[in-house]
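Welcome! Take a first look at the model below, and then we can walk through some of its features together.

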Amino acid sequence: MTAPAIIQKLIERFEEQRDSYLAPAYNETQVRRDFIDPFFKALGWDIDNENDHAEAYRDVIHEDRVLVNAVKNAPDYSFRVGGTRKFFVEAKKPSVSIATDAKAALQIRRYGWSAKLPVSILTDFEEFAVYDCTHKPEEGHKAGKSRLFYYRYTDYIEKWEEIAGIFSKEAILKGSFDRFASSKKRGSTTVDETFLAEIESWRADLAANILLNNDTSQRDLNSAVQLTIDRIIFLRICEDRGIEPYERLLNIAKGKNVYQRLGAYFKDADDRFNSGLFHFDTKEKHASDADTVTLKLKIDDVTLKTIIASLYPPNPYEFSVIPADILGQVYERFLGNVIEVDGKVARVKEKPEVKRAGGVYYTPEYVAEHIVTQTVGRLVDGKTPKQVARLKILDPACGSGSFLIVAYQYLLDWHLSFYKANGGSKKFKKELHQTEKGDLRLTTQVRKSILLNNIFGVDIDPQAVEVTKLSLLLKVLEGESGEAIGKNLQLFHERALPDLGDNIKCGNSLVEDNFYDQQDLPNLSEDEVYRINTFEWSEQFNEIMDSGKFDVVLGNPPYGATLFDPEKIYLKSFYADQSYQLDSYLLFIELSIKKLLKKDGYWGMIIPNPWLTNIRQDRLRRLVLGSTRIDQIVHFKYQVFKKAIVDTEIVIFQNGYKKGHEPSVMVVDAVPQGKIPEPSAVIKVSQDQWLEACESPINIFLSPEERALRERIFAARGVLADFYKVNVGIKPYQTGKGRPPQTPDDVVRRVFDSSKPLKGYRQYLRGKDFVRYAIRPVEKRYLKYGEWLAEPRPAAKFDAAEKILVRQTADEIIAAADLGQFLCLNNVHVLVAHSDLAINVHAMVALLNSKLITWCLRAMNPEEGEALAEVKKEFVERLPVPGIDEIRELTTLGQKIYSIANKTVSTAPSKQMKAVVRQIDSVVYRLYNVTKEEQDLIERRRPENGEKDALVEAG
C-alpha cells in the first residue's frame, strides 16, 4: 500500500521547517491542526465529522482541554467505530521527546488502561509510538515500557502499509485492528479487576472499622459502607472530569478528623448537586429517604486516609475515561457479596444466590445497545422531544443499571441530534450550549429532564439501587464543568443533579403487597419481611400505571433466582402461566405482559432459550405467542456470559397479538467486537404456526419447507415410546439421599466407586464411554449397586439381556446396543423393549443413528452446537418410528455394522463402515418416503452426521 500524496507533503513541510516546529513556542494545538489531523484523515478518518454523523456515531471525539492540576484530564482524540472506542491518540508538541519522555508514555498508557483499550498512540507527528495498554501502568516505568512500535516521520512512507493496515478506518472495519490487538499477550491485571479488588478491600476495612467504633445493625452497616464508597468514588470522578477541585479529597485526608471533614464536604456536595446520594436533611423534601445514620458514625482516620490515597497517583486510574460499563461491571461483581456481622466481627461473604449461580454475570454493552436500539429507537423515530418526554422506559430488575445507562445515553444522543438538525443553538438556546471548541452539547437542565421523564428502574437489592442511581448521576454530569455548574447554581439556584428516588426504587418486582393476604402465611421475622420486600406497582408508579403503563420494558432478568417457600406459594397463585418449576426470568415475562407493558409497547430482554424448547413451558409460550407480536429473536451460538454456561437469546416483542405476523430469527455465530455482528442466518417465520404448535417445544430455526417436512414425517407414524421404555440412568451420589443417607464426605470421596472389579461391584458406563454402535469405555469404572445409592433407578432394568444406550449430553443421537448388562449413569438414556414386542435391537440402533432421526430430534429441540445441548428423555420418546415390520428391514444392516464397529479398535470409521452407514441412511429415507430434495434439506444441517462421526469418541 502506497502512502497518499498528502503524507509526503506533510513530511516535506516538517523537514523544511523542522527548527520552527521543534521550538517550545510551537504548541500542541498547532501540531494537531497542521499535521496530526491531516495524518489521520489520510488513514480514512472523518476527523471533523464532515459526514455530519450523529454525535453518538462520529468517528473521532476531540476532548475539551479541561485542566486538572495543570494536566489535561482526557486524551486528545478518541477514535471510534459505530460509537465504540477503538484507540486513543495523545498529542504532544514536537519539542517533547516521545522516545524518552516517560511522563508522556505513562499518560497515554493510563488513559488506555483505564478505558480498557488494547492499544493507543502517542505522537507529535515527528515521532509516532504505539503502546500496549493491557499492562497496568506504574510510576517509574520508562518510556519504552509496553511500547509496540516506534516510528519517526521519515519512516512513514516506508511503513505506511504497516500503519494503515492496523490504524486506518478500513482496517478497523475489516477486523485487522482487532486481530492485531488480540494477538498481543495480555497484561495480567485489567482496570476492572484492579478497581474491584480495591473497593472490595475498602469494604472489608470500612466494615471492620465501623463495627469496632459503633453500635450498628448488619443492615445499617451494609448501607453505610456502600454509601461511603459511592460518595467518595463520585467525588473523585468529578475531580478528574474538572467538576470538583482536583485533590480536594486528598487534601481532606491529609489532616485530622478526616470523617468529620469528609461529612462537611458531603453536605457541601448536597448544596451543589441535590442528589439523593448526599441527602441528609430530613426537613428537605426529597423522593429518597434522608440518610440519618452515616454522618453520626465514627471512622478512624487511618482507614479513610488509605482509601482516599489509593485513588490518586501513583495508582493508575484515569476516571475521566473509565467507561460507565466498566464501572458497572465492577459494581455488579461488588454487589455479589454482602457484609455479615457476628458479634464485633464483620465478614464479607458471597451472597447465596450468587454462589449457586457460579458468580455474577454482567450484560455486555453490545447486548444492551441492541435491545435499546430495537425498542427505544423504534419508539422515538419520527417524534419530537415533547412527544419523547412522555415515553416511560423501565428495567424491572435493573441491577447496577447497565440497561438504563444505555437507554439514557441513547436518548441524550437522540435529543442532541434532533436539536442540531432542526435549528441548532439559534433556535434551541435553552436546550443547547456551546463548548470552548464550538461543539454543541445539551444543557444540564435538559439532561436532567430526560432522566427524570424517561428512565425508571426497580431492584430488590438496596445496594444495587444506589449503584444505579450513582451511575446515572455520573452520566448526567458527563461533559459538564465545575464552572458551568457553579454559574447554574448562582444564577438560577438550580443544583446540578436530580433526586432519583421517584425513578429508581427498591423492591421485589414479582411480589406485591397482597402477598400478606395469603391464608396460612407463617409468621415472618423482620429479616424475612425485609428480604421479601414487596413492591406495589400501582402505588410506587401510580401516575405511570394509571396513564397506560410503560412504553418500554427491557433488561436482563435474573435466571433461577432463589425463591423461598412462602414466595413460591404466592407466585404459583398469582402467575397463572408458569409450570410447576418456577423460574424467575419466566415470571418477569408474565409480569411484563400482564401488568407493566402498555399495548403496542416494546419489550426487549436477553433470556435463556428453554422458554421455547422446554416441554413444560407450554403455558408461557402460549401467553407470549398469543398476546404479543414477536419482532425478532437474536439467537447466540456462543456464550454471551463468558463464565456462565447458559444458552441465551435476545427477544424483542410488542404487546398485542396480530394475526399473520412474521417474526425474524437471527442466528449469530461470532463473538462480536463491540457490536452484534451480521447474523449467519435470518429466518422469517409465522407466529401463527408457532402458536398452533406451542404445546410442544418450538424450533425457531426451521424454514417453512423444513416445518412441512417435519409435520409429514411425524404425522403418519408411531413414536419410539410405543416400542421402548426410556429410562434415566443411576444418580450415585447426593448428600442426604440413599439408605442410609449419604454424608458430604461420602459424596466427595465417592465411596461406592472403584477402578477395580471388586466383589459385589458392577461395571458402569457414562455418556463418553460409548460411540455410535460400540461401547468403548474411556476407563473401566465399577459401582457397588444398591439402595445406598442416591437414586439407583432399578426401573432401568440394567440386567436386561438387550438394551439400547443413548447419550444424553449431545446435540445428536448417539446410540449403541448394550448386550453386556452394564450399569449406566444419569447422563445416559437406557431403552428397554416392552416385553410384548418382538423388535430387533440392532435394527433400532441403526434407525436411531441415522441422519434422518437426528434431524427429527433437532426439528423438535434446536440445540445444535449449544453448550448445554441435551438429548432429552421426552424427545427420545417422541421420535417417529415406523411399524415393526418396516423396522425389520434394518436388522441385517444393523447386525453388520455392530459387528464391524465392535471388531475394530480404531476411532476412525473404516471404508466398510461408511458404506454400511450410507446404506442405512438410504433405507431409512425410503421407509419415511423422503424425496431427494428433502434429503438435501436434511443434510444441509449436518451432512457428515452418522458417517464421519460414527465412531468418534466424546469427552
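## Before we start

A residue is called buried under 20% relative accessible area, exposed over 50%, and partly exposed in between, using a 1.4 Å probe and protein chains only. This is a predicted model, in which local features need pLDDT of at least 70, side-chain atom pairs count only at pLDDT 80 or more, and totals for chains, interfaces and linings use all residues. Residues are numbered from 1 along each chain as its sequence is written, and side-chain values use heavy atoms, with hydrogens and water left out.

## Confidence

The score pLDDT is the predictor's confidence in each residue, from 0 to 100. The protein chain averages 88, and 92% of the residues score at least 70. Where pLDDT is low, the predicted coordinates should not be read in detail.

## Salt bridges

A salt bridge here is a side-chain nitrogen of Lys or Arg within 4 Å of a carboxyl oxygen of Asp or Glu. The structure holds 51 of them. One joins lysine 349 to glutamate 340 at 3.6 Å, N to O; lysine 349 is partly exposed at 40%, and glutamate 340 is partly exposed at 31%.

Arginine 766 and aspartate 769 meet at 3.1 Å, N to O. Arginine 766 is buried at 13%, and aspartate 769 is buried at 1%. Salt bridges that share partners also join Arg772, Asp811, Glu812 and Arg858 into one network.

## A four-stranded sheet

Helices (H or I, at least four residues) and strands (E, at least two) are DSSP runs, numbered from the N terminus.

## A covered helix and the cysteines

How many residues of helix α33 (residues 851-860) are buried? The count is 10 of its 10 residues, among them Trp855 and Arg858.

A disulfide is a pair of cysteine sulfur atoms within 2.5 Å, and the count by this rule is 0. Cysteine 398 has its nearest cysteine sulfur, that of cysteine 506, 9.1 Å away. Cysteine 398 is buried at 4% relative accessibility, and cysteine 133 is buried at 2%.
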